[in-house]
Amino acid sequence: MIPTVDETHDPARTCWVPGANGHSDFPIQNLPLGIFSTAGTDPHGGIAIGDHVLDLCALADAGLLNGPGLDAAKAAAAPTLNALLALGCGPRAALRTQVSALLSDAVNQPVVSPLLRRISDCTMHVPTRIGDYTDFYVGIHHATNVGKVFRPDNPLLPNYKYVPIGYHGRASSVRPSGAQVVRPAAQIKSTDMPAPVLAPTRRLDYELELGVWIGSGNTLGTPIPIDRAAEHIAGLSLLNDWSARDVQAWEYQPLGPFLAKNFLTTISPWIVTAEALAPFRTRQSSRPDGDPSPLPYLFDPADQERGALSLTLEVALASARMKADGVPPFRLSRGPASSMYWTIAQMVAHHTVGGCDLNPGDLLGTGTISAATPDGFGSLLELTRNGTLPIELPNGEQRTFLEDGDTLSLSGRLEADGFVAIGFGSCVGTVVPARAV
């Protein structure tokens with residue numbers, strides 16, 4: 001069942017933590033989960049509130065929680081959130097309800113305040129031990145735009161509207177916001193070259209995506225029905241699937257991306273839970289006339305009614321020179337996340353229909369989310385028409401693809417009438433030069 005709105009989403013609910021009320025990402029209506037450490041402490045679970053982290057390990061020991069909420073907090077004492085996510089939606093929702101009550105009633109401030117840490121004093125970590133990472137391709141405008149680059153006469157293959165396309169990504173190279181992006185080297189072959197060469201990519205790109213965190217998993221051989229898929233989705237993060245386009249062009253046939261995408265994936269380190277997303281659920285966009293209906297295992301009326309999100313995504317770039325001169329980041333694109341041809345529940349149902357087991361803490365990427373118009377494109381490949389239309393930066397610099405020293409930032413904002421907007425926090429990476437090969 002898709003989580004519903006409750007008292008934790010009340011727009012009138014305020015928080016006694018300084019800076020939490022009106023926070024752009026983490027007001028009390030959000031309460032995302034993450035893994036953090038401070039000087040002298042091992043990584044363990046926390047909840048973001050304003051510019052602070054509520055230490056769940058300390059909270060579990062403070063005698064302020066009970067029942068399933070206490071079970072969830074105790075599970076968060078580990079260096080990853082896998083054990084907490086494995087508990088499923090009930091304990092996770094109970095923890096959210098109890099923490100919301102503690103942070104909204106000032107009578108709790110003397111006891112809870114010592115359990116808060118400033119985010120600026122914390123190191124954030126990947127929130128789970130990711131057993132597997134699968135990247136999908138559900139943004140239809142991106143799929144069409146990229147298809148025009150690689151297959152001008154046949155941009156969208158016939159299976160796209162029947163199958164949620166995906167490929168198996170590299171879990172070991174997923175890193176939290178702030179990790180450096182080392183320019184990768186691999187085989188590159190342009191059309192005028194007789195043979196490939198090993199060289200650093202000259203066409204480094206980003207991809208604006210959402211990361212989907214799996215909660216309770218399924219048994220090998222037992223598919224997750226689409227009307228139960230929401231029970232297995234713990235929450236979302238932002239995700240940047242860094243891509244080397246010249247490498248991709250050479251290697252992608254016949255099995256798809258490999259070195260072009262396995263060198264780094266950046267995530268925002270906070271899991272915005274499925275419960276926090278409830279007010280921002282919206283209807284999935286209708287398919288164009290003439291498109292096939294999903295096969296029965298991919299169709300659920302409730303998912304079609306509430307399987308999409310009222311979410312605006314944004315990408316900004318700051319070059320090394322811009323940063324040195326104090327020039328603010330330049331917005332490359334901004335658009336709604338409403339162009340996903342397949343819902344997240346459809347991704348989960350399809351992933352498991354053959355019997356594949358998903359495990360707590362697994363990560364799914366949605367694929368690049370691009371709007372229908374260039375101001376909402378989710379990659380430089382699209383924005384610059386494969387490098388043929390440079391982007392003019394505010395200081396006169398131009399970009400077709402990313403240069404060393406560039407800092408790329410993703411952001412997302414969930415908004416709905418009558419509710420407090422929430423966000424994901426930072427998803428940032430700075431490109432550094434390739435290492436010797």
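Predicted model: local features only at pLDDT ≥ 70, side-chain atom pairs only at ≥ 80, totals over all residues.

User: Okay, and how is the chain divided into domains?
Analyst: The chain is split into domain 1, covering 33–125, and domain 2, covering 133–432. The C-alpha centres of domain 1 and domain 2 are 29 Å apart, and the contact takes 18 residues from domain 1 and 15 residues from domain 2.

User: How many salt bridges does the rule find across that interface, and how many residue pairs in polar contact?
Analyst: Across the interface of domain 1 and domain 2 the rule finds one salt bridge, and it finds four residue pairs in polar contact, counting pairs with both residues at pLDDT 80 or more.

User: Which elements of domain 1 give two or more residues to the side that touches domain 2?
Analyst: They are β1 (33–37), β2 (44–49), α3 (82–86), α4 (89–104) and β5 (123–125). The largest share, four residues, comes from α4, and the residues on this side of domain 1 divide into eleven nonpolar, five polar and two charged.

User: What area is buried there?
Analyst: About 1,300 Å² is buried between domain 1 and domain 2, and carbon and sulfur atoms give 66% of that area. Of the area that domain 1 buries against domain 2, L33, L85 and R92 supply 39%, more than any other three residues.

User: Changing topic, what does UniProt say about residues 29–127?
Analyst: An unreviewed UniProt entry carries the annotation "domain: Fumarylacetoacetase N-terminal" for residues 29–127. Over residues 29–127 the model has 40% helix and 21% strand, and the end C-alpha atoms are 20 Å apart.

User: What about the backbone, then: is the peptide bond joining Q253 and P254 cis or trans?
Analyst: The bond between Q253 and P254 is cis, with omega about 10 degrees, and P254 sits in the loop between α7 (245–251) and β16 (265–267). Another backbone detail concerns L31, in the segment before β1, where phi is near 60 degrees, a positive value in a residue other than glycine.

User: Why would you point those two out?
Analyst: Because most residues other than glycine have a negative phi, and most peptide bonds are trans.

User: Back to salt bridges: how many does the structure hold, and where are K161 and D291 in the chain?
Analyst: The structure holds 14 salt bridges, and in one the side chains of K161 and D291 meet at 3.0 Å, N to O. This pair links distant parts of the chain, 130 residues apart, with K161 in the loop between α6 (140–150) and β7 (166–168) and D291 in the loop between β18 (281–282) and α8 (301–306).

Technical notes
Residues numbered from 1 in each chain as written. Heavy atoms only, no water. Domains from an automatic or database assignment. Contact = heavy atoms within 4.5 Å. Buried area = accessible area lost by both parts, 1.4 Å probe. Salt bridge = Lys/Arg side-chain N within 4 Å of Asp/Glu carboxyl O. Polar contact = N/O pair within 3.5 Å; in protein donor to acceptor, adjacent residues only side chain to side chain. Nonpolar A, V, L, I, M, F, W, Y, C, P; charged D, E, K, R; others polar. UniProt positions renumbered as here; feature names shortened; annotations may be inferred.
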